[in-house]
Amino acid sequence: MAIFQARTRLFRSFSTLSSKPLRVCVVGSGPAGFYTAEKMLKAHQNSEIDIIDRLPVPFGLVRSGVAPDHPETKIVINQFSRVAKHERCSFFGNVTLGSSISLAELRELYHVVVLAYGAESDRSLGIPGENLKGVHSAREFVWWYNGHPDCQNLDPDLKNSNTAVILGQGNVALDVARILLRPTTELATTDIASRALAALEESSIRKVYLVGRRGPAQAACTAKELREVLGIHNLDIHILEADLLLTPADEEELKSSRIQKRVYELLSKAANTRHAHTGLDQRELHFVFFRKPDCFLESECRTGHVSGVHFEKTILKGISPGKQIATGTGQFEDIKCGMVLKSIGYKSVPVDGLPFDHQKGVVPNNKGRVLRDAKGGSTLLEEGLYVCGWLKRGPTGIIATNLYCAEETVFSISEDLEKGVLASSLPLQKPGREGLLKLLYDRNIRIVSFGDWEKIDSEERRLGSLRNKPREKLSTWEELQKAFME
Amino acid sequence: MSNLRLARVGAWMAKELCRAKFTSMSTAGYVQRGRNQHSQRPFEQLSQGPMIQKHCYLSTMTSNDTSKEGSEQKTISVTFVDKDGEEKNIEVPIGMSMLEAAHQNDIELEGACEGSLACSTCHVIVMDEDYYNKLEEPTDEENDMLDLAFGLTETSRLGCQVIAKPELDGIRLAIPAATRNFAVDGYVPKPH
Ligand SMILES: Cc1cc2nc3c(=O)[nH]c(=O)nc-3n(C[C@H](O)[C@H](O)[C@H](O)COP(=O)(O)OP(=O)(O)OC[C@H]3O[C@@H](n4cnc5c(N)ncnc54)[C@H](O)[C@@H]3O)c2cc1C
Ligand SMILES: NC(=O)c1ccc[n+]([C@@H]2O[C@H](COP(=O)([O-])OP(=O)(O)OC[C@H]3O[C@@H](n4cnc5c(N)ncnc54)[C@H](OP(=O)(O)O)[C@@H]3O)[C@@H](O)[C@H]2O)c1
Ligand code: FES
C-alpha cells in the first residue's frame, strides 16, 4: 500500500505540471520504446509518458540481445536512462501487456498507446526433426548467455560433440558463432551470464558451420560483425572458393549495395588466407553457402537427440531485379553435429485485440498508425494506437534503425493530434499513470520502478566487480525478485 | 580533466542532496548526470543526449570555460545544418570531435555510443567536397559503421571521428533528416 500511496503522491505532483496532460503509454523498454519516449517528451511538452515492460529490467535487446563482448554498443543505455529519469517519464517493469493488463484496458487509461514490445518468438523452418533435443533457436541461446530470466534453464549440451551447426548467416548467427568459438578467457571479463560462461568453459565444440541458403553475395551479416568473427584468435576459416564465383546477377546486386560488396570482399579475402593455426585449442569456422535445411537427423544412440542436418543444395533464381531466391536442386548432403542453432529470424507475437499480420509477423500499420485490418488495403485506423520497432517493421535493423522508426511514429502521432484524429478521446481526462497504478495494485502486481532497477543495477555491478566483470547479471526470476523486493 | 572531476563531484553531491528526482525539479539534471556511470570512458561522459543537455549546465559550463580561457587553444569555425535546414555556426577547439562540439553547443546530433564507433547515429554529411577531401580516409571500422548509416552519401562521415584541425576551418556539416527527403542547399545525396 505504501508504494501505491507514494506513487499516487508522485502522480499528483505531476498533474500540476500541466493542466491537461497528454497521457501516453509505451509498451516495451527496448530501443524502440525509449526512442519513442524521448521523441514524444520533446515533441509534446504536455505529454506524460509511462513505459511498461514485462521484465523487471529495462532496455530490451540492448541488455538481452547485444553480445556481452560488445560493451560499446550498450553505452546507449546512458541515454535511455536519462530518458527514464526525465520528470515527465516513468518506467514500470514487471508489467506484462496481455496478462497484467489487457490492451483494451491500457487504451482506456491513456490517450495514446505505442506498442514497442519487439519480437519474442522465432520464425520456424517447418521441417521434420525441428523439435529434437539439441535444436535451439538462436534467440533462446542468446537469452541464455545474456542472462534473460526466461532461458536460464536452457542448458544447451555443449559437451557431447565437437560440432555445432548454425542455420542462417545474419548478424545474430555471427554473434552466436563468436560466443561458441571465442576463447572463454576473453569472455570471462564481459557481462556474460556466469552460468553460460561456466558451460562454455567446458564446451567441447571446436567446429562451427554457418550455413546459408544463398551465396556470399547475399549473406545477411554486416562487415563489422564479420570482421570480428574472422579475427578470432586461433580460428581457422573455411570457405569453398567455388562458392565465391559470381554470376552476372550477383555482380549486379553487389554493385547496388555497399554493405553486400564489403561483406563479399571480406569473405573472399578470408577464403584466400592460409590456415596457420595448429595445436590443441585450434578451432574451425566453416562458411557453407547454397544449402537449405531439409530435415534434422535423429541420433541412433541417443534417441530424441539431433545428430546432424540434412541439407538440399540450392541455386539462385532471380525473381525481380536485385532479388534472387534459393531453390532446391534435388541434391542432398548431411552435416553431422551435436547441436543446431536456428538463426533464421525472430517473430513477433500478437496480444488480444491487436490487429496482426501473421504472415509477416508484424502489426499492420501506416507509418506507425495501427490499421484496423490486417489485410492490405484497409485504411481504417485504431484510434490512439501506434506501433514502433521490430513489432512495426519486422525483426531487422540495428539499434539506430529504431531511432528513425520512432521518429516516424512520433511524427504520425503529432500529425494526428494536429489534424484532430484523436478528437474523440483528447477532451477526456484520462486516468493515465494513476489509473494504471491503481489497477496493478488491485491485481497485486508489484511494479518495478526505475529506482528499483537502479538497485538491481548496482547489485549487479557489485557482484561483477568481485569477478572482474562489468556486471554479473541477476538472471533468474528469483534473484531479480529478491533484489527489488529488498 | 580536473574540471570534469569537479563536475562529477558536483553531480554526486547534488544527487546525494536530492535522492528523489521529484524533490526538486530543477536539479533533475544533476541527478541524471551523477548516476550515469555505464561508460567506462570518462571523457565521453561529457557528451549528452540532446534532450537532457540543457539540464547539465554544470559540466557544460566547466568545459566551455576551458575553451574560452585557453588563449593558447585555437578554434575553427564549423557550421551545422540541422534537420530543418537551420544553420548554427560554432567555434570548435582544435582536437575536439564534431560530436563533442555539437553536444557542447546544444546541437542535436545523436551519439548513442558516445563516440565509441559502435552506432552510426552521429552521421554527418560534409556539404562541400573540398572539405571532405581534406579529411583523412575513414578507417575500415568507420566504414563498417558508415555502411549502416541512415541516408548515406558519398561525403558522409561519423561525427565522432571527425576531429577539428586548422584545414577544416569553415566546414559545413549537415545532419541527415529521417522523416523527410534530405535536401539542404540543393545538396542531393548520391547513393554509394
Ligand atoms: C541477438 C541480437 C543481437 C543484436 N546486436 C545488436 C548490436 O550489436 N548492435 C545493434 O545496433 N543492434 C543489435 N541488435 C538489434 C537491436 O537489438 C534491435 O534492433 C532492437 O533491440 C529492436 O528494438 P525493439 O525495441 O523493437 O525490441 P526489443 O529490444 O526486443 O524490446 C522489446 C521490449 O518489450 C518487452 N516486452 C515484450 N513483450 C512484452 C509484453 N507483452 N508486455 C510488456 N513488455 C513486453 C521486452 O521485455 C523488451 O524489453 C541485435 C539483435 C539481436 C536479436
Ligand atoms: N552487431 C550488430 O549490429 C547486430 C548484431 C545482431 C543482430 N543485429 C541485427 O538484428 C537483425 C536480426 O538479425 P538476424 O540475424 O536474426 O536476421 P537476418 O539478418 O534477417 O538474418 C536471417 C538469416 O536467416 C536466413 N533465413 C531466413 N529464413 C530462412 C529459412 N527458411 N531457411 C534458411 N535460412 C533462412 C536468412 O537467409 P536469406 O538471406 O536467404 O533470407 C539470413 O541468412 C538484423 O537486422 C541484424 O543486423 C545487428
Ligand atoms: S557516436 Fe556512435 S559511432 Fe559516433
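Trainee: How far is the oxygen atom of ligand 2 from a polar backbone atom of Ser343(A)?

Mentor: A polar contact is a pair of N or O atoms within 3.5 Å; within protein, one must be able to donate a hydrogen and the other to accept it, and residues adjacent in sequence count only if both atoms are side-chain atoms. At Ser343(A), a polar backbone atom is 3.4 Å from an oxygen atom of ligand 2. This is a predicted model, where local features need pLDDT of at least 70 and side-chain atom pairs count only at pLDDT 80 or more, while totals for chains, interfaces and linings use all residues. Residues are numbered from 1 along each chain as its sequence is written, chains are lettered from A and ligands numbered from 1 in the order in which they are written, and side-chain values use heavy atoms, with hydrogens and water left out.

Trainee: Which side chain has an N or O atom 2.5 Å from a nitrogen atom of ligand 2?

Mentor: Look at Glu225(A): an N or O atom of its side chain is 2.5 Å from a nitrogen atom of the ligand. The backbone takes part at Gln169(A) too, where a polar atom is 2.9 Å from an oxygen atom of ligand 2. Now think about cover: on its own, ligand 2 has 910 Å² of accessible area, and the protein covers 79% of that. Such areas come from the Shrake-Rupley method with a 1.4 Å probe; for residues, only the protein chains shown count as cover.

Trainee: How many residues surround ligand 2?

Mentor: A residue is near a molecule or strand if one of its heavy atoms lies within 4 Å of it. Ligand 2 has 20 residues around it, and the closest are Gln169(A), Arg213(A), Arg214(A), Glu225(A) and Gly397(A). By class, this shell holds seven nonpolar, eight polar and five charged residues. Here Ala, Val, Leu, Ile, Met, Phe, Trp, Tyr, Cys and Pro count as nonpolar, Asp, Glu, Lys and Arg as charged, and the others, Gly among them, as polar. Helix α7 (residues 171-181) of chain A gives the most to the shell, with three residues.

Trainee: And which residues are the closest to ligand 1?

Mentor: Ligand 1 is surrounded by 32 residues, and Asp53(A), Leu97(A), Trp390(A), Gly397(A) and Ile399(A) are the closest. Ile399(A) has a backbone N or O atom 2.9 Å from an oxygen atom of ligand 1. For Gly60(A), the distance from a backbone N or O atom to an oxygen atom of the ligand is 3.4 Å, and for Arg54(A) a backbone N or O atom is 3.1 Å from a nitrogen atom. Two or more residues of the shell come from each of α2 (31-43), α3 (60-64), α7 and α14 (399-419) of chain A. The shell has 16 nonpolar, twelve polar and four charged residues.

Trainee: Is Ser116(B) buried or exposed?

Mentor: Buried means under 20% relative accessible area, exposed over 50%, partly exposed in between (1.4 Å probe, protein chains only). Ser116(B) counts as buried because its relative accessibility is 12%. You will find Ser116(B) in the loop between α4 (98-104) and β3 (123-126) of chain B. A polar atom of the Ser116(B) side chain lies 2.7 Å from the backbone oxygen of Cys113(B).

Trainee: How many helices and strands does chain B have?

Mentor: Helices (H or I, at least four residues) and strands (E, at least two) are DSSP runs, numbered from the N terminus. Chain B has six helices and five strands, in the order α-α-α-β-β-α-β-α-α-β-β from the N terminus on. Of its 192 residues, 56% are buried.

Trainee: What is the mean pLDDT of chain B?

Mentor: pLDDT is the predictor's confidence in each residue, from 0 to 100. Chain B has a mean of 69, with 54% of its residues at 70 or more. Over residues 1-70 of chain B, pLDDT stays under 50. Chain A averages 93, and 94% of its residues score at least 70. The model as a whole scores ipTM 0.90 and pTM 0.88.

Notes
Contact = heavy atoms within 4.5 Å.
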